[in-house]
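Colleague: I'm new to this one. Can you put it up and walk me through it?

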Amino acid sequence: MDFNFSEEDEAFRREFRSWLETNLPRDWRDDSELEADTKTEFERRRAWHRTLYDAGWMCINWPKEYGGRGATLIQQFIYSQELDRAKAPPTVNFQGIARVGPTLMQWGTPEQKKRYIPRIPSAEEIWCQGLSEPNHGSDLAAVETRAEDHGDHFVVNGSKVWTSNAHHADFSTLLCRTDPTLPKHRGLSYLLVDMRSPGVTVRPLVQITGEHGFNQVFFEDVEVPRSNLVGQKNQGWMVAMTNMMFERTIHGGRSEMMVEVRQLANLAKKVNRAGRPASEDKYVQQKLASFACEAEALKYTSMRQLTRQLRGLPPGPEGSILKLGTTDLNLRIQSFAMELLGPYSQLEYQAAGAIDRGKWSHRMLAARRGTIAAGTNEIQHNIIGERVLGLPKG
Ligand SMILES: Cc1cc2nc3c(=O)[nH]c(=O)nc-3n(C[C@H](O)[C@H](O)[C@H](O)COP(=O)(O)OP(=O)(O)OC[C@H]3O[C@@H](n4cnc5c(N)ncnc54)[C@H](O)[C@@H]3O)c2cc1C
């Protein structure tokens, strides 16, 4: 296999890398794990998002008619690599860009496309997605939130949970039950809900890091116009599956785990082990080497995924393998950072005297969320076991 990129793609990389060098403030790098939990932080990130957007560096793979630049899959891959490499802060409308926009492009009516899609890349309207419920996360098709058909509108009652960004969002997608008499996958519909509708209540859920990134959202007699139904009534599962496909592809797409390994290697130079720099210790060297090998293997797995896409093949097992591999490796890297830091690992983010501003303890706590979000790692194990290895269902 030839792993080199064409001269045109390398020129694209240089252009974006140099744009990031010039435009990404130095002290914003390395905060990519932090949640934008306050209004101030959210607006700071929205401003960064707008800087990318105004320069034509947002939704680059979207068709030009929707505000993208029609970038190729390879350019999209390079773009993600460069953002990871620069440790740029996340953009603010992730759900809208990665999931809602592409889902609407596929399923939306001409009116829905015209009304909603153009305001996503600019972050003029922020989206969240209402899939998981208190009793139904992995078993998503069992959702209980009801939407009663009243002709020109639906009336929604129920609750969604772990809804990222609901406290900043203007709109939410909503997977809900429109016919409880049908088998569970067949009685669902997919709605677009204005978060300012009467009857919508957003309550914060605070994570182990102390940050507020997601919420529980309650719907009490919320009226949703029929024009906000995406796809056919009772066929929302198909729309939700399109949404999930984009979710897994994106989550699997983290391409630069080596950045984490390099930062860990730098940490090993700063801390001591048995009176010498930890980086000189054989055990530490072996650990770093094995993390580096895994990071490299994941990079090539993401290239295999890219090759599949370039050949026009449907998403393969690589998405699940990448999601599982990156989040699991990340967890082990952060645990090893705790081991290297010893008692210093107990100092919280930005605590006085903390090594590297205490970012490692924050990352350790935050690493768990990746193993749960977008389908837990146990579920990814099931998918790989059943669909790749052909093992019988347990
Ligand atoms: C950071 C973060 C952001 C999120 N953002 C959103 C969001 O914006 N919108 C949204 O709708 N949801 C969101 N989620 C929710 C996420 O999709 C769910 O948490 C996830 O799908 C798991 O569902 P659950 O929490 O109900 O756990 P459950 O499904 O109750 O699972 C509990 C445990 O049982 C295991 N388990 C369940 N079924 C099986 C099985 N068949 N085989 C083996 N093990 C199993 C799971 O792996 C898990 O360990 C977010 C979650 C996180 C952590």
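Colleague: How many cavities of 30 Å³ or more does the structure hold?

Modeller: Two. Keep in mind that this is a predicted model.

Colleague: How much space lies in the second largest cavity?

Modeller: About 30 Å³.

Colleague: Which residues line the second largest cavity?

Modeller: Leu-341, Tyr-344, Ser-345, Leu-347, Ala-354, Ile-355, Gly-358 and Ser-361. By class, five of them are nonpolar and three are polar. The lining has no charged residues.

Colleague: Let's switch to pockets. How much space is in the second largest pocket?

Modeller: That pocket holds about 180 Å³.

Colleague: What lines the second largest pocket?

Modeller: Its lining includes Met-1, Asp-2, Phe-3, Asn-4 and Phe-5. Ile-74, Phe-77, Met-303, Leu-306, Thr-307 and Leu-310 are also part of the lining.

Colleague: Which helices each supply at least two residues of that lining?

Modeller: Helix H3 (73-86) and helix H8 (282-310). H8 gives the largest share, four residues.

Colleague: And how does the lining of the second largest pocket split by class?

Modeller: Eight nonpolar, two polar and one charged.

Colleague: Now the ligand. Which residues come nearest?

Modeller: There are 19 residues around the ligand. Ser-132, Ser-138, Trp-162, Thr-376 and Glu-378 come nearest.

Colleague: What about an oxygen atom of the ligand?

Modeller: Gly-137 has a backbone N or O atom 3.3 Å from one.

Colleague: On to strands. How many bridges join S3 to S7?

Modeller: 10. S3 covers residues 153-164 and S7 covers residues 214-225, and the two run antiparallel. Phe-154 stands opposite Val-224 in S7.

Colleague: How many bridges join S6 to S7?

Modeller: Six. S6 (residues 200-205) runs antiparallel to S7. Val-202 has Val-217 in S7 as its bridge partner.

Colleague: Last stop, Glu-10. Where is Glu-10 found?

Modeller: In helix H1 (residues 7-23).

Colleague: Why does Glu-10 count as partly exposed?

Modeller: Because its relative accessibility is 22%. Buried would mean under 20%, and exposed over 50%.

Colleague: What separates the C-alpha atoms of Glu-10 and Thr-181?

Modeller: 55 Å. Along the chain, Glu-10 and Thr-181 are 171 residues apart.

Technical notes:
Residues are numbered from 1 along each chain as its sequence is written. This is a predicted model: local features need pLDDT of at least 70, side-chain atom pairs count only at pLDDT 80 or more; totals for chains, interfaces and linings use all residues. Side-chain values use heavy atoms; hydrogens and water are left out. Two strands pair if DSSP finds at least two bridges between them. Buried means under 20% relative accessible area, exposed over 50%, partly exposed in between (1.4 Å probe, protein chains only). On a 1 Å grid over the protein atoms alone, a cavity is a set of points where a 1.4 Å probe fits but cannot get out, and a pocket is an open set with protein on both sides within 12 Å along at least five of seven lines; lining residues have an atom within 4 Å of a point. Grid points are joined across faces, edges and corners, and a volume is the space filled by probe spheres set on the points. Ala, Val, Leu, Ile, Met, Phe, Trp, Tyr, Cys and Pro count as nonpolar, Asp, Glu, Lys and Arg as charged, and the others, Gly among them, as polar. A residue is near a molecule or strand if one of its heavy atoms lies within 4 Å of it. A polar contact is a pair of N or O atoms within 3.5 Å; within protein, one must be able to donate a hydrogen and the other to accept it, and residues adjacent in sequence count only if both atoms are side-chain atoms.
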